[in-house]
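Subject: Structure handover

Hello,

Here is the structure we talked about. Please open it alongside this note; what I found follows below.

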Amino acid sequence: MVLNPMHQFEVYKIGPEINIGGINLSFTNASFFMAISAILILSLLFFGTKKKSLIPSKIQLITEMSYALIAKMINDTAGSSAKAFFPFVFTLFMFVLFCNMVGMLPYSFTVTSQIIVTFVLAATIFIGVTIIGFIKHGIKYLELFVPKGVPIVLLPLIIVIEIISYLARPVSLSVRLFANMLAGHTMLKVFGGFVISLGLLGGWLPLSFAVALTGLEILVAFLQAYVFAILTCIYLNDALNLHH
Amino acid sequence: MKDFKEISTRLKIAKKNVREIEEKNRGSNATSLGKALKISTELVAAVVVGSTIGFLLDNWFDTKPLLTICFFIIGVAAGILNVFRSAKKMQKKL
């Protein structure tokens with residue numbers, strides 16, 4: 001049971017079952033670790049900005065670096081008109097990053113390895129960006145689906161292709177994060193299982209692999225949060241500035 | 001007053017140097033790995049979305065399996081278009 005590599009992704013409820021209007025709203029281990037990540041982010045930002053010294057302490061440095069990273073990212077990819085969306089992108093980045101990183105701790109649960117979590121995040125971005133595009137450009141936002149310089153004969157086909165490629169955005173955004181976290185954690189567990197089953201004699205090779213993979217997983221955890229945020233910026237850019 | 005001017009010119013030169021180093025380093029760090037991971041899912045997602053739309057329309061109009069096949073092919077086209085676009089965007093940045 002413990003050696004099963006998929007066992008770590010099981011969602012179970014903590015405490016009493018809560019049913020409101022036929023919807024199961026029980027507090028699960030997933031919600032518990034989401035709450036932990038949120039509290040960690042809040043405390044990091046709180047303690048990081050508490051003492052604003054000229055020579056920053058380590059915690060203040062981390063806070064300022066994360067701020068600068070996202071501010072630069074928005075400026076580079078979406079332009080200065082997207083500055084208003086800084087809080088949203090920053091929250092998104094920090095939440096995904098902390099969920100990934102908390103998942104790297106032993107005995108913890110990786111929230112982002114559940115497709116429903118990543119899909120809800122991606123769908124929120126997708127719907128929000130679409131609404132922003134329509135508010136900003138009105139009906140002209142539909143021009144996104146009509147590339148310039150296409151013969152009229154091909155237009156019906158091209159429009160269908162463009163709509164499908166637009167609808168594929170939330171799917172690719174959510175599947176990327178989910179698949180990376182799921183695959184990485186499964187692989188770590190499989191190598192961990194090898195260490196146990198090969199014992200003291202042959203277990204050293206998979207153990208060294210597991211150590212190396214842990215380093216790789218930490219890199220992937222950061223990278224996926226970064227990619228998630230940068231794609232949000234790219235989609236925002238499409239909605240705000242409307243050109244390919 | 002003279003000192004102040006000198007400091008401001010030196011600051012300008014230093015800032016310019018920093019900017020040049022930043023320009024040089026762009027794209028050489030971990031973000032390129034992120035881009036590589038990004039492209040791989042883009043192709044698959046469009047195919048899945050296209051096939052799903054075809055399957056739903058098939059169930060609606062009772063034309064199995066005609067529309068699924070058509071939309072699968074259109075989904076592949078959309079996926080290739082997506083990959084092509086992000087590759088183009090990357091080239092522009094370099």
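The expected span of a helix is 1.5 Å times one less than its number of residues. Keep that rule in mind for the first point. Note also that this is a predicted model.

Helix α2 of chain A covers residues 58–78, which is 21 residues. At 1.5 Å a residue it should span 30 Å, and its end C-alpha atoms are 30 Å apart, so the two agree.

Which residues of α2(A) are buried? They are I70(A), M73(A), I74(A), T77(A) and A78(A). These residues cover an arc of only 100° around the axis, so they sit on the same side of α2(A). Their cover includes α3 (86–103) and α6 (204–241) of chain A.

After α2(A) comes G79(A), with a positive phi near 80°.

Now the contact between the chains. Chain A puts in 15 residues and chain B 19 residues. On the side of chain A that touches chain B, α5 (155–202) and α6 of chain A are the elements that give two or more residues. The largest share of that side comes from α5(A), with eleven residues. By class, the side of chain A that touches chain B has eleven nonpolar, three polar and one charged residues.

Over to you.

Best wishes

Key. Residues numbered from 1 in each chain as written. Chains lettered and ligands numbered in written order. Predicted model: local features only at pLDDT ≥ 70, side-chain atom pairs only at ≥ 80, totals over all residues. Helix = DSSP H or I, 4+ residues; strand = E, 2+ residues; numbered from the N terminus. Buried ≥ 20, exposed ≤ 12 C-beta atoms within 10 Å, placed from the backbone. Arc of directions from axis to C-beta. Contact = placed C-beta atoms within 7 Å. Nonpolar A, V, L, I, M, F, W, Y, C, P; charged D, E, K, R; others polar.
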